[in-house]
Amino acid sequence: MDPLNIDSDVLLATDEIEQMVLTLKTGELLRKKLPGGGRIHIDRPQPFLCVYRRPETRPDKGTEQLLLGQASYILSSGSEEYQPLLKALITRLLDVIVEAYGAALVLELWSAPDELPVTPDEAPAPARFGIVAARHGVPEATIESLEHSLIATTRDRAPEIRINYSSGATSPGLPPLLSPEEEKQQNAYLVGLEVPPIYRDPETEKVIPIELRRFTGRLGRALRQAFFTFVHARARYRPAHYEELGQRAMTRAVSVADKGLAEVGDSFDLLLHATPVNTDAAYQQFVDAGCQAIPEFLYRPQTIDPGALKLALYKVPIERIEDPALYHLFAAQRDEFDRMITMIADRGTPHFLLESQQVFGRPDERLLALAHRLLKTLQPEAHGNGGRMVSAKCFAGLAERELAHYRQDWPELPARVELRSDVPGLMVSRGHFLVGNSAEVSETRVSATLHHEIGTHILTYYNGLQQPLSQFHTGMPGYEQTQEGIAIVSEYLSGGLTKQRMRLLAGRVIAVDSVVEGADFLETFRLLQVAHGFGRRAAFIIAMRVHRGGGLTKDAVYLRGLLGILDHLAKGHSFDDLMLGKVALDHIEIVAELRWRGVISPGPLKPRYLEDPEALKRLTALCKGVDLLALIN
């Protein structure tokens, strides 16, 4: 080879390295392909760097994906020809990192040889990890933290962790990334981590996708916990939580998948498709028939093509998402959208009820027992004691005034109130408040209802719109239960959670159970009216809600969601995180992680009822734990 060409290649490599160093210094996302099929990804300068070198002597499927959730990593070929370039790159990056933080940790990861297959009678061998560190100057607290954190990465297999102190904390068969002298000179610490390839089938050596994603998430958390210990012990950096060290930048794969899922989610509304458009007329016919004939409900035309929508849903490339937390969230969202689209396609058939239980669940024994206890303890209201009723038109005006209060904090709020003839009550859809023409609200319930619908559902929708991920406004999988729980808590905090309101929520649970157990409309109606003392109109509306579409079990989420929020607050968790968007308690750990990582932030709207000192007192009481019956008494 011509020496001039060699010199030219070296100069080119040096120039590219310096360009990457410049990007790192500015704090911008550094994401670039490297020669030999490698890649560098650094969100921002941080006091650590993860490295993986693909071995040339054996296949190593899946291992490089273990670092994709980290905020700072390099994936490189292990080929000899690329080692000088890799070492030069790491050396220059460390110059920037150490200048900013005073010290840096370089963690190199590799996999152990594949295990031998086991027979069905044999128990799998322990998951063996190896930590390699230098004999002298080792960050002992970091090693201890890593050892402790690794225990949680293999919950279904006993971990075995060995620590080896030697002069070569490097992938077997490869030259060290830094010599001991270079480590000392740059104030950098090199630690090696050998991981068990539990994400591969030992017989075929094929990757097990589910196990790989699960292990990647757990290992990533363990590494961040170790990095957290290191930066507090050796660097000029004091993060408050280890998740602050996670990725902040949204890659193109995340943006594309998020947009694709949002487009699918925004193209249909399950509740509108499942809600009758002739509720008032059906009620009058029901009364005229002496409440003895099952009413006929009419629905909106099916405005979507379920097959085409599912095709679009599964074209969304969520498999390209590297971040384990976001992949988990997006995969769960896709699964729920799939089921909801199937529900719309099966509206009016027996399949609808079964699919509803997959999405919204069914009452369990604990929830049913609580519902019966509430109905037994809280007596029905005497006829005519409901107080003055506010008409739909008047209530819509009050809702407009409530929105005006929120516009004082955020003038751009686009929410509007619509009086509708095709809505049987109150509903929030796509950030707008729909009020049925025949809807009436008790004067004593006006404030609580506004806080429920506007202070929760509309507020979280628009706060979610301000987040970089669309799921915060379209709704995370399972968000309905959390949303309704928050909304009921808002009624309590504003002083409007009445005993009759609690009877209604309990009655909905009883009605959902009756539908699941095979009752028809008349049986559910009579159960509510005769056995539990609900008035004729109230019993009809509850029965309509749970039988609509073929059997909608969503109404059980109100009481179940309330219990979930009370438990959440009693455990000391933040109420503020619940207002970031349409979040779900099932994914609240991911929400907290994304907030620590700086991916999401508080929205522009805060619940107006929290301006009231009495509401704050009630919230403090909830955070100490309270029995549900004590709460409503």
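Call a residue buried when its relative accessible area is under 20%, exposed when over 50%, and partly exposed in between, using a 1.4 Å probe and protein chains only. This is a predicted model, so local features need pLDDT of at least 70 and side-chain atom pairs pLDDT 80 or more, while totals for chains, interfaces and linings use all residues. Numbering starts from 1 along each chain as its sequence is written, and side-chain values use heavy atoms, leaving out hydrogens and water.

Start at Glu 244, in the loop between helix H5 (209-234) and helix H6 (252-266); helices are DSSP runs of H or I, at least four residues, and strands are E runs of at least two, numbered from the N terminus. Glu 244 is buried yet lacks a salt bridge, meaning a side-chain nitrogen of Lys or Arg within 4 Å of a carboxyl oxygen of Asp or Glu. Its nearest oppositely charged side chain, Arg 248, sits 4.9 Å away; Lys and Arg count as positive, Asp and Glu as negative, with His and chain ends not counted. A polar atom of the Glu 244 side chain does lie 2.8 Å from the backbone nitrogen of Ala 240.

Now for the sheet. Three strands form an open sheet in the order S10-S12-S11, with mixed pairing; two strands pair if DSSP finds at least two bridges between them. Strands S10 (417-420) and S11 (426-429) are at the edges with a single partner strand each, so one side of each has no neighbour in the sheet. S10 and S12 (residues 432-436) run parallel, joined by four bridges, and Val 417 has Phe 433 in S12 as its bridge partner.

Notes:
Polar contact = N/O pair within 3.5 Å; in protein donor to acceptor, adjacent residues only side chain to side chain.
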